[in-house]
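Please read the points below with the model open beside you. They cover selected parts of the two chains and are numbered for reply.

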Amino acid sequence: MEEKLKVDEVIERYEGDKANLISILQDVQSEYNWLPQDVLTYIAQKLSLPLIDVFEVVTFYKSFSLKPRGKHLITVCSGTACHVRGGHRVLEEIEKRINIEPGETTEDKQFTLETVNCLGCCAIGPIVVMDGEYYGQMNTRKAASLLEKYSKKDED
Amino acid sequence: MKREKLKKIEGLRRLREKLAKQRAAKKSWVIISSGTCGRARGSSKVVQAFKDVVKKHNLEEKVNLRITGCHGFCQAEPNVIISPEEIFYQRLKPEDAKEIVMETVLKRRVIPRLLYVDPQSGERITYKKDIPFYKKQHRLLLENNLMVNPKSIDDYLAIGGYKALSKVLEKMSSEEVIEEIKKSGLRGRGGAGFPTGKKWEACRRAKGDVKYIICNADEGDPGAYMDRSLLEGNPHTILEGIIIGAYVIGASEGFIYVRGEYPLAVENVTIAINQAKEYGLLGKDILGSGFNFEIKINRGAGAFVCGEETALMASIEGKKGEPSQRPPFPAQKGLWGRPTNINNVETWANVPLIISKGADWYSRIGNDKSKGTKIFSLVGKINNTGLVEVPIGITLREVIYEIGGGIPDNRKFKAVQTGGPSGGCIPRELLNLPVDYETLTKAGSIMGSGGMIVMDEDTCIVDIAKYFLNFLREESCGKCLSCREGIQRMYEIVTDISEGKGKEGDIELLEELANVVKDTSMCGLGQTGANPVLSTIRYFRDEYEAHIKYKRCPAAVCKGIISSPCQHTCPIETEVPVYVALIAKGRFEEALDVIRKDNPLPGVSSRVCHHPCEEKCPAKEVGKPISIRGLKRFAVDYGLRGRIKKAIPLKQTKNQKIAIIGSGPAGLAASYSLVQKGYPVTIFEALSVVGGMLTVGIPAYRLPKEILNTDLQVIKDAGVRIQTNASLGKDITIDGLFNQGYKAIFIAVGAHKSLKLSIPGENSEGVLDSLEFLKAVNLGRAVNLGRRVGVIGGGNAAVDAARSAWRMRNCEKVSIIYRRTEMEMPAFKEDVESAIEEGVEIQFLTTPTRILTQNGKLIGIECIRTKLGEVDESGRRRPIPIKGSEFTIDLDTLILAIGEQPDLSFLNNNQGLEVSSSNRIMVDPETFATNRKGVFAGGDVVTGPNTVIEAISAGKTAAISIDKYLRGESLKRRYSVTRPSVYVEPVELTEEEVAETKYPSMPRLSPKERANNFKEVELGFSEELAVKEARRCLRCDLERKEEKE
């Protein structure tokens, strides 16, 4: 199976060392965009780890996702500097618009919403990152229009 | 290019010399900042543009590009520095590249438009060293970011890189290195400040043949990014520090644990490790010393607690990042149970510096307890956002005001938050604190990793506490019950407070919980997690109380209380978002109805309100606030143009007579509210005209008489009786009114007495007081004004007097003399601008010393120039006279406008009322009741000179108290959260409309058209302009979640 080959490749890269579990999961996730359960079971077997240990790690760290993520990843910076400049209002606007909370994906699998504790780009806060592209000095208005732009993009 | 492995220290030295020589041959560089924040602002495109220009014009020989990490001045990104002069160009666009190359690099000509403009002086600054942001810094570490391309080890070698490592391997024993580090006084830059030398010593002495080194780059504090900047911008200096540490301790393996959110840092460090390996600076038998050392990179997976060392080690081991009990400390039992030394990025970066330049040199920087420099990220409400490196012990004031350039838009500094979620908020009173580990801890915060988040008056302290509690509750690993549940409970309590559901006793409960969490949690997260709560309660208890008791959020942030900042900030809670939304939809009449519902003087407010609502409008965060007063005026004018509905006399349902003394805004508002409640109300006015200051104090070019009269007519039509020429003390008395059967009295006589300057010559002929002057002008009396008029003061009375004088026929020149700068001037900004536009001269930073007279008649004034010193209690910088700068201004008339106070001379023995030393009537601030039963007071007579809208608010509130009093109820006020009364659907916007951030300029008469007349200057928005502006409103009233459904 092709999927397993990919996972094998990652595990190989880390010499099958269970101490590298987090790195392995990170690399696997960047392949799949999320961590499907059968992949986790396979990793546990290959590293001779109880599945529960793998789950423990996956559920502890914020960056791992046990659910498929949407086509577009929206990351809202919730750092303090963004917050004092109104970043929370931007987040709330996005939540309202696409009707999901951070960590969730829209039903149509278009958007996944996440927050990050700080991107360290405080000078241009509030910041929203859409598919890796930085949008600085956001407000509720611009957030709404950004979402619209991306929704439209997909229709075209 | 393949790098050859260096087998000896000598080989490294030769290579270094060769590279340094090659580098020295190139005299000028274009140093392009391209760290993460630069890239977020488009620096990658700028870099590409430079490369394209060089290629296109075959300038490879003449133009040397150096693409570096961050230059620290985030505000100015993308920026370039042209060496050797260090010309600094900021906020570049790709289009600028060609001009910079052609003009500056090739012809050494400066391009003024790309220079940094100092917001304080307005001057363009050419060189980096002269920019205030850089001037006061001591950039030991950050300056090297400019010197190297982080992706090139050769760059690092060329500036003397790995010299410290050579020195250690060649000449120093481990003990000597430890001794040197100890002597330098270096302490942990991760925040706790543990002496680094001691830490190393402990790990070196620990038994065990396998030892580890860790670089903690899990920079999790929001608002702190100095570690990222170092890793991205100069990774080799960190590697060098780590290798030295490993050698000293005897470790053969090291780990750099980097936050996963820092992809560029991971990239650059990975490249650096590979390059160091190629040269044999990592790996087996480093430089022939027999010392073996490898470094691996671990990427964090998004858990704040992993910044805690025991949790971080668990994470490296591939486990969930839960902390464990100390002791044993990592130096004894760390990673996989082996002795481990863990230091923060910035600490490691200091090591090569200390070894190269010596502990003696290093320990001369800093203060007695803490040595060296510390990098802070100065962010939030600050003009110069960026990374600043300063000697430890510098004061907060120096960092925030001198380097940071103060608070944007001249707003008031409120607090600075240091230390991230484990730190606390430090208030204005402590700005002179030196920044070091001990002092900050004593102040209830911590140094932490170096985040400094500056907050201004628009930041709510309760909201900040909630923010950090929310952060910590999500990041608590859950191992300790007190941290897991305690922080959650604190979060719930603070959330309740922020939503207007706070109860008495909540603050005490929070304090108790905070102390329990602090005392009973195992790791730093819980132990310091209470700091944000405890420090904010310690310094801002009144703000918590405002939320709990009065349901007020002074910063207008807490959604659950404020609904929208404009409505909440308006003293009479006018439903701004509602009427603005109605205007946006073209429903102008309804908009006017919404305004009238809360405001008995809509016409007046639409002309002269100081619009505190606009100050808090969130649209200003990315542009300009909504022109709320302009829109109100549009609605009012629309009503005037159409048929204003004539008010029907209100039905009198009660028979307790009420006397209102004074017909200014407070008296009018109270009377209108009381007739609406069915009381018979009579206003007694001392003058022959109605309106108080509105009539005699405000010139007609700001408030036309017709506008005022329209408002007055509505009030009269509603049934309010007004008796003029009835002066309290002369024509009427309080006892007399009670004897005449009045059951309650509201005193709102205003503040009509001008203050004196207390300098000689004040009583000479030709010296007037501003109120007398304005009254005479407004009542159309003859005023004897000379050709040259001076006005002393900076408030509204001064500007009104100056502009009125300017309009008089025989007046040729008007000068305002004000002791501070335009920024500190209390007069309304738009009026100051108009005055300047009209040609009124304003002598800023000038204070009068003597009035010059001849034969008892004014001939001029002697002044002295001032400069601004330290910030005083009013939050403004104090003017200090400059010796020897005296000069005179020749004048025919001098108008004094330095302030007013109530004139209570008429009150015979104060008629039993309690009066303050500044001549104000004392009242219960919540109910406006005086010490005399049945007597209430409000407006300027209570507060001293204040704004129209505050007076209206006082009148309305007093009316509620009077009603309660007359019904025999308790006067106790009930407070509730702000809400709009109706829902108005938002409008759909085009993309251009979304991007619109400008404040429309109010159409006005040209200065020429204003000469010699008192015609209204502002003309009002056209319908098109008003609708456009109204559509710009962000509709904060719809942001609350409950309104979503």
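**Notes on the predicted model**

1. In chain B, B:V578, B:Y579, B:L582 and B:I583 of helix 26 meet B:F588, B:E590, B:A591, B:V594 and B:I595 of helix 27. Contact here means C-beta atoms, placed from the backbone, within 7 Å. Helices (H or I, at least four residues) and strands (E, at least two) are DSSP runs, numbered from the N terminus. The residues of this contact of helix 26 with helix 27 of chain B divide into eight nonpolar, no polar and one charged. Nonpolar covers Ala, Val, Leu, Ile, Met, Phe, Trp, Tyr, Cys and Pro; charged covers Asp, Glu, Lys and Arg; the others, Gly among them, count as polar.

2. The axes of helix 26 (residues 576-584) and helix 27 (residues 588-598) of chain B come within 8 Å and cross at roughly 170°. Helix 26 of chain B is therefore roughly antiparallel to helix 27 of chain B, a term used for angles over 145 degrees. Axes are lines fitted to C-alpha atoms, for helices over the stretch in contact, and angles run from 0 to 180 degrees between N-to-C directions.

3. On conventions: this is a predicted model, in which local features need pLDDT of at least 70 and side-chain atom pairs count only at pLDDT 80 or more, while totals for chains, interfaces and linings use all residues. Residues are numbered from 1 along each chain as its sequence is written, and chains are lettered from A and ligands numbered from 1 in the order in which they are written.

4. An open sheet in chain B has five strands in the order 18-17-16-19-31, with parallel pairing; strands pair if DSSP finds at least two bridges between them. Strand 18 (721-723) and strand 31 (935-937) of chain B stand at the edges with a single partner strand each, so one side of each has no neighbour in the sheet. Neighbouring strands of this sheet are turned by 20° against each other on average, direction ignored. Strand 19 (residues 742-747) of chain B is joined to strand 31 of chain B by three bridges, and B:F746 stands opposite B:F936. Helix 31 (residues 665-676) of chain B packs on the sheet, touching strands 16, 17 and 19, and its direction makes about 170° with that of strand 17 of chain B.

5. A further open sheet of five strands in chain B has the order 21-29-22-23-24, also with parallel pairing. Its edge strands are strand 21 (767-769) and strand 24 (841-843) of chain B, and the twist averages 25° from one strand to the next.

6. Which residues of the largest nonpolar core touch the most other members? Of its 229 residues, they are B:F50, B:I244 and B:V399. Such a core is a set of buried Ala, Val, Leu, Ile, Met, Phe, Trp, Tyr and Cys residues joined through C-beta atoms within 7 Å. Buried means 20 or more other C-beta atoms within 10 Å of the residue's own, with C-beta atoms placed from the backbone. Apart from it lies another core, of 101 residues, including B:Y672 and B:V923.

7. Chain A has seven helices and four strands. Of its 156 residues, 45% count as buried. The contact between the chains takes 45 residues from chain B and 41 residues from chain A. The side of chain B that touches chain A divides into 16 nonpolar, 16 polar and 13 charged residues.

Definitions and conventions: Angles under 35 degrees count as roughly parallel, over 145 as roughly antiparallel, 65 to 115 as roughly perpendicular and the rest as oblique. Two residues are in contact if their C-beta atoms, placed from the backbone, lie within 7 Å. A residue is buried if 20 or more other C-beta atoms lie within 10 Å of its own, exposed if 12 or fewer, and partly exposed in between; C-beta atoms are placed from the backbone.
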